[in-house]
Amino acid sequence: MIANSYSDKHLAIMTPSATDPDGELTELWVFGYGSLTWNTCFPYTARVVGSVPGFSRRFWQANTVHRGTPDQPGRVATLVPDEKAVTWGVAYQLKGHGQVTRALQHLTIREGALGGYTTEAARFLPADESLSTRQVLVYLSTEENPLYLGHSTQQETAVAIAAAAGRCGHNAEYLFKLARFMRTSVPMVTDDYLFDLEAMVKSLLGQERAEELETSQTVADELSLTCRKDSVPMPCRFEYLPCRTVAECHRIDTRPASESG
């Protein structure tokens with residue numbers, strides 16, 4: 001049963017009616033602050049823009065599958081505890097055993113086995129103040145994760161992003177799409193860290209290449225548009241992933257080359 005295969009953190013964010021008589025999850029909210037803002041690739045019932053207080057978004061997580069390789073790791077977002085900060089993103093409502101199961105299976109591989117993230121429960125504040133505050137599941141990295149880089153300068157991060165590419169496309173696409181999400185979905189918010197990093201990467205790439213990557217459509221984008229319906233076959237969700245089960249993923253060395261061996 002799904003409920004029994006996840007930690008107390010998952011159970012802590014459920015409403016009293018979020019499990020069925022067999023103890024299986026029937027409702028869950030998941031917060032996305034990186035690629036999940038545009039590339040869900042799992043069915044959901046509702047999509048709500050908002051923020052999670054107490055965290056800063058930083059590109060301090062190496063990625064050797066989706067946006068990089070072991071020899072040329074990319075950089076993707078994670079959340080860093082910061083009492084004075086808030087991070088904006090999207091909360092997805094998963095309703096019904098089918099949606100919950102599909103999403104958690106996908107995220108366990110994409111964010112956990114391949115991305116190196118763990119989960120936490122966090123408080124979500126919708127941008128629409130008429131909506132209720134709620135608890136959400138968040139995927140983030142910790143210092144125990146070999147892919148977690150810790151504090152990196154903007155210049156170091158920008159150089160890595162400008163040079164890396166993985167199964168989902170160029171690393172800069174990830175950054176540019178996240179910046180676009182912020183400008184279009186929460187235009188009242190200025191994310192200095194994100195926008196400064198974007199400007200630095202564009203400068204390194206040059207105008208022509210930056211514009212090409214900023215407007216490109218990747219396999220992941222196309223899957224995200226088609227995988228939101230319950231009728232879409234399960235394999236669709238794994239098409240751009242190199243493994244379909246956690247066991248298969250564990251046989252893939254996701255560590256940067258300097259840490260392998």
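A: Two residues are taken to be in contact when heavy atoms of theirs lie within 4.5 Å. On that basis, in this predicted model, 74% of the contacts between residues at least 6 apart in sequence join residues that are at least 24 apart. The protein has eight helices and seven strands, and of its 261 residues 54% count as buried.

The part to examine closely is the packing around helix α5, which spans residues 192–205. Helix α4, residues 171–185, has an axis that comes within 10 Å of the α5 axis, and the two cross at roughly 140°. Because angles over 145 degrees are needed for a pair to count as roughly antiparallel, α4 is classed as oblique to α5. The crossing of α4 with α5 is left-handed. On the α4 side, the residues that meet α5 are A172, L175, F176, L178, A179, M182 and R183, while α5 contributes L194, F195, L197, E198, V201, K202 and L205. Sorted by class, this contact holds eleven nonpolar residues, no polar ones and three charged ones.

Helix α3, residues 154–163, also packs against α5, with axes that come within 9 Å and cross at roughly 50°. That angle makes α3 oblique to α5, and the crossing is right-handed. Here Q154, Q155, T157, A158, V159, I161 and A162 of α3 touch Y193, D196, L197, M200, V201, L204 and L205 of α5. The class make-up of the α3–α5 contact is ten nonpolar, three polar and one charged residues. Reading the two lists of α5 residues together, one finds L197, V201 and L205 in contact with α4 as well as with α3.

Helix α4 has a further partner in helix α6, residues 207–214, and the axes of this pair come within 9 Å and cross at roughly 70°. Since an angle from 65 to 115 degrees counts as roughly perpendicular, α4 is roughly perpendicular to α6. This crossing is right-handed. The residues A172, E173, F176, K177 and R180 of α4 meet A210, L213 and E214 of α6, and by class they divide into four nonpolar, no polar and four charged.

H151 lies in the loop between strand β5 (134–140) and α3, and H151 is exposed, with a relative accessible area of 63%. Its C-alpha atom is separated by 9.0 Å from that of F59, although H151 and F59 are 92 residues apart along the chain. For a contrast in burial, V65 sits in the loop between β2 (46–63) and β3 (74–95), and V65 is buried because its relative accessible area is 7%, with under 20% being what buried requires. V65 and L114, 49 residues apart in sequence, are 7.0 Å apart in space from C-alpha to C-alpha.

Notes
Residues are numbered from 1 along each chain as its sequence is written. This is a predicted model: local features need pLDDT of at least 70, side-chain atom pairs count only at pLDDT 80 or more; totals for chains, interfaces and linings use all residues. Side-chain values use heavy atoms; hydrogens and water are left out. Axes are lines fitted to C-alpha atoms, for helices over the stretch in contact, and angles run from 0 to 180 degrees between N-to-C directions. Helices (H or I, at least four residues) and strands (E, at least two) are DSSP runs, numbered from the N terminus. Angles under 35 degrees count as roughly parallel, over 145 as roughly antiparallel, 65 to 115 as roughly perpendicular and the rest as oblique. A crossing is left-handed if the near helix is turned anticlockwise from the far one by less than a right angle, and right-handed if clockwise. Ala, Val, Leu, Ile, Met, Phe, Trp, Tyr, Cys and Pro count as nonpolar, Asp, Glu, Lys and Arg as charged, and the others, Gly among them, as polar. Buried means under 20% relative accessible area, exposed over 50%, partly exposed in between (1.4 Å probe, protein chains only).
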